[in-house]
Amino acid sequence: MGSLFRSEEMALCQLFLQSEAAYACVSELGELGLVQFRDLNPDVNAFQRKFVNEVRRCDEMERKLRYLEKEIKKDGIPMLDTGESPEAPQPREMIDLEATFEKLENELREVNQNAEALKRNFLELTELKHILRKTQVFFDESVPMVYKSTSTYSSNKYRRYLQMADNQNEDEQAQLLGEEGVRANQPGQNLKLGFVAGVISREKLPAFERMLWRACRGNVFLRQAMIESPLEDPTNGDQVYKSVFIIFFQGDQLKTRVKKICEGFRATLYPCPEAPADRREMAMGVMTRIEDLNTVLGQTQDHRHRVLVAAAKNLKNWFVKVRKIKAIYHTLNLFNLDVTQKCLIAECWVPLLDIETIQLALRRGTERSGSSVPPILNRMQTFENPPTYNRTNKFTKAFQALIDAYGVASYREMNPAPYTIITFPFLFAVMFGDLGHGAIMALFGLWMIRKEKGLAAQKTDNEIWNIFFGGRYIIFLMGVFSMYTGLIYNDIFSKSLNIFGSHWHLSYNKSTVWNNNYLQLSPATSDYEGTPYPFGMDPIWQVASSNKIVFQNAYKMKISIIFGVLHMIFGVIMSWHNHTYFRNRLSLLYEFIPQLLFLVVLFFYLVLLMFIKWNRYAATNAFPMTEACAPSILITFIDMVLFKNSKAPGKDCNIYMFAGQSFFQTIFVLIALACIPVMLLGKPIKIMQARKLANEEVQPITGASDAEVGGMSNGGGSHGGGGEHHDEEEMSEIFIHQGIHTIEYVLGSVSHTASYLRLWALSLAHAQLAEVLWSMVLSLGLNKEGWLGGIFLTVVFAFWAVLTVGILVLMEGLSAFLHTLRLHWVEFQSKFYMGHGYAFQPFSFDTIIENGGAVTETE
Amino acid sequence: MVDAYVPPVVITVIWAFIGIICPFFARGPNRGVTQCCIMLTAVTCWLFWLCCYLTQMNPLIGPKLSMNEIMIMAREWGNEIKDTMDVEA
């Protein structure tokens, strides 16, 4: 049998590694991914373990790599990802790697710092440039009327400047300062009007103005102008809008006050010369310096880009290497150092079939490290519960994941996954059955499968896509089976295919047809050919929209019960395999047999009744096997269980379908009832007897034991009896457990059988939804004629297609998926599945790197 | 009369071939699982077809058709409506 039918046999092994070879061997085992290490130092603090320094170094390296990655991403340089995994480097190579990273990081930091300083400089120069330009405007506007001479522009300004600087002309000051200034000015007083110029961010400007006004009591004068282009903030690269301002004041006190306020609002002040010639000189100097700075800045950025591009080529490789080193040292931390300090001891879970491969890997590791002592792999005997390991490939992985989501299988119990590969898509298809929708689903699954490699390489974080992609094989199989059931239901987008010609024909004449709104065909006459449509549902039923549902309900309900009962019997038979494997004879005799009998005798009989009814009753039969006398199977079943005498389904009809039915039914119900106490009491009583015997052997001579035995055999085991093994359950516990188990099974068999009727319910809902979309959406479009009709049809078709994919394929698909999952998890698996195991998590580089370096410290 | 049995026999033979003969040709490391899958597919699909066949074999009711539907059947399926029809009771 393939290994997927049961989980693999595991062995607990002890591994003796020479200290020099340990690193290489663990590296080989990590590449292999077949060994689960146990933590032999569970009470040791993470900081006191042996290789904590190395782990710290690896963390440092990872930090440096992350910094590099961030810088590379900031510049938008693509990182080369070949997808191949380099081997873990030797310990001595680690030092080289560390040196390389250190160098790169330092270089990058230096470049960044330089760039920042240069940018700050650049910002200052740019602001100065703007100030020089804008203050020109301020000084121009200040004295418009005074000098109307036609002298040159520059001399105008020059003279105005002289006036300002010398404070001789009161009139100018009057222009500058306004009315208050005139009043305030005493003639002859020495008014020295000072000014400061600077740059402030635009948002702070109104508050700044207000503060100035309040603090200086309106004795300062602010002019401002916006800088149109945004400036780059050197620290974070944001674009900020700023404004140039110039403040005029008189006196030193105001000057200090103004300066303090500027500081508080983080406005940068620049020395602005008063004379226009000086300003022009300064402006030119600033322009040259800005150009120089630009060149230097460009070169710095180029250098940085070059460094990053060179690093980007190897970054992914380095990440993988560092993660592997870290993983190896984490694993080495789990090992024990033996007494002689020369050897590391490890305990690990290993699949038995792979011991050879592991030995080979260990040998390779020792050869690589150049050590002479071969490693030793010793198998240990243990009573512990081994982990559950199911070897899956890309196809079976998804189905195994479905099962594991409910609970990981106990060690070596029957694995439902291989059967789920087919039963899951099949039961889904019974609920989904539509050729068209199934085709859409199958094509989607097929596309994902064909483009597997490409799609897998694009690692996205989109959860929904990852779920769909992970289940691509499931989706494909579900689609294919849905196409098959769609053919059988004869349903393609709610229409039927007429491949073989309908086996129902009309036999009414013209006048009958004209005079009646509805006519029903009769299976007793030649309306019905006598043989059924060879493959699937006759296409006439889709045409007969009036009573299609009546006919199909009967059909679908019956198939739901048929498949349900068969699925459950399959589940019970799986428990037989479990019992035989685990040599659980008691369970086999007192659980499996009564369970199977109960199910078969009641519910398989129900299934048989359906087949008998299908076979025996026909409209063309002679009385009393005509369709008028066909009994309801449900009523028959209920009467059977209640021991009621059935009524005849019609006048003069037979009560029963076949001879001896009432006798058989009584027998079956009695057998079923007899199974219940066997299930309830059989196993616990046997266990009790076995324990009694064991006790008698232990204390054969003492008279007290006889009394004990007598007491125990009388009592219902409510005290559990003395002398029990210390770790076994008490008798009362066993009885209670068995009681719960029996009630669960007996009541469950009824409720689970009815639960399978969801197969009917969902398939009905699906068919009706498809029909609604047809009659309410698409047929409206198809009814219109002409050119306009064509355009209308295009729009309607788009609408119909979106609704079909969104509601019918996606929503109904998800719904049917969920119900199928429930049917498997509850109705099928409750018959045999324990699910108390824990998954095998081997030390594997692939999983560690996939998870982005999130390494578990303890197993 | 024999013709009536041809379709069910053919279909049963096809599924029997898939379910009984084909598993012997399964190869590869997952031989057991492949055989299991093929057999399960054959059994479930054949049973599904069989139930549909049996349910229509002896129908207890016939389809109820509206006048419109009858006329469409007459036109598309060549089921002509004549003044008098030959009806076998």
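Predicted model: local features only at pLDDT ≥ 70, side-chain atom pairs only at ≥ 80, totals over all residues.

Visitor: Which elements of chain B supply at least two residues each to the side that touches chain A?
Guide: Helices α1 (6-21), α2 (31-57) and α3 (67-76) of chain B, plus strand β1 (64-66). The most comes from α2(B), with 19 residues.

Visitor: And by class, what is on that side of chain B?
Guide: There are 32 nonpolar, eleven polar and six charged residues on the side of chain B that touches chain A.

Visitor: What area do the two chains bury?
Guide: About 5,500 Å² between chain B and chain A. Carbon and sulfur atoms account for 73% of that. The contact takes 71 residues from chain A and 49 residues from chain B.

Visitor: Back to β1(B). Which strand of chain A is joined to it, and is the pairing parallel or antiparallel?
Guide: Strand β12 (residues 518-520) of chain A, by three bridges. The two run antiparallel.

Visitor: What is the bridge partner of A:Tyr518?
Guide: B:Ser66, in β1(B).

Visitor: New topic. Where does UniProt place "transmembrane region" in chain B?
Guide: The unreviewed entry has residues 6-26 and 38-56 of chain B. In the model, residues 38-56 of chain B are 100% helix, with end C-alpha atoms 27 Å apart. Residues 6-26 of chain B are 76% helix and 0% strand, and their end C-alpha atoms lie 30 Å apart.

Visitor: Which residues does UniProt list for chain A?
Guide: The unreviewed entry gives 421-449, 469-489, 559-577, 592-612, 624-643, 663-682, 759-781 and 787-811 as "transmembrane region".

Visitor: How far apart are the end C-alpha atoms of residues 787-811 of chain A?
Guide: They lie 35 Å apart, and the span is 100% helix. For residues 559-577 of chain A, the end C-alpha atoms are 27 Å apart, and that span is also 100% helix.

Visitor: How many salt bridges over all chains?
Guide: The count comes to 32. One pairs the side chains of A:Glu28 and A:Arg364, at 3.0 Å from N to O.

Visitor: Where do A:Glu28 and A:Arg364 lie?
Guide: A:Glu28 is in helix α1 (residues 19-32) of chain A, and A:Arg364 is in helix α9 (residues 355-369) of chain A. So the pair ties together parts that are 336 residues apart in sequence.

Methods. Residues numbered from 1 in each chain as written. Chains lettered and ligands numbered in written order. Heavy atoms only, no water. Contact = heavy atoms within 4.5 Å. Buried area = accessible area lost by both parts, 1.4 Å probe. Helix = DSSP H or I, 4+ residues; strand = E, 2+ residues; numbered from the N terminus. Nonpolar A, V, L, I, M, F, W, Y, C, P; charged D, E, K, R; others polar. Pairing = 2+ DSSP bridges. UniProt positions renumbered as here; feature names shortened; annotations may be inferred. Salt bridge = Lys/Arg side-chain N within 4 Å of Asp/Glu carboxyl O.
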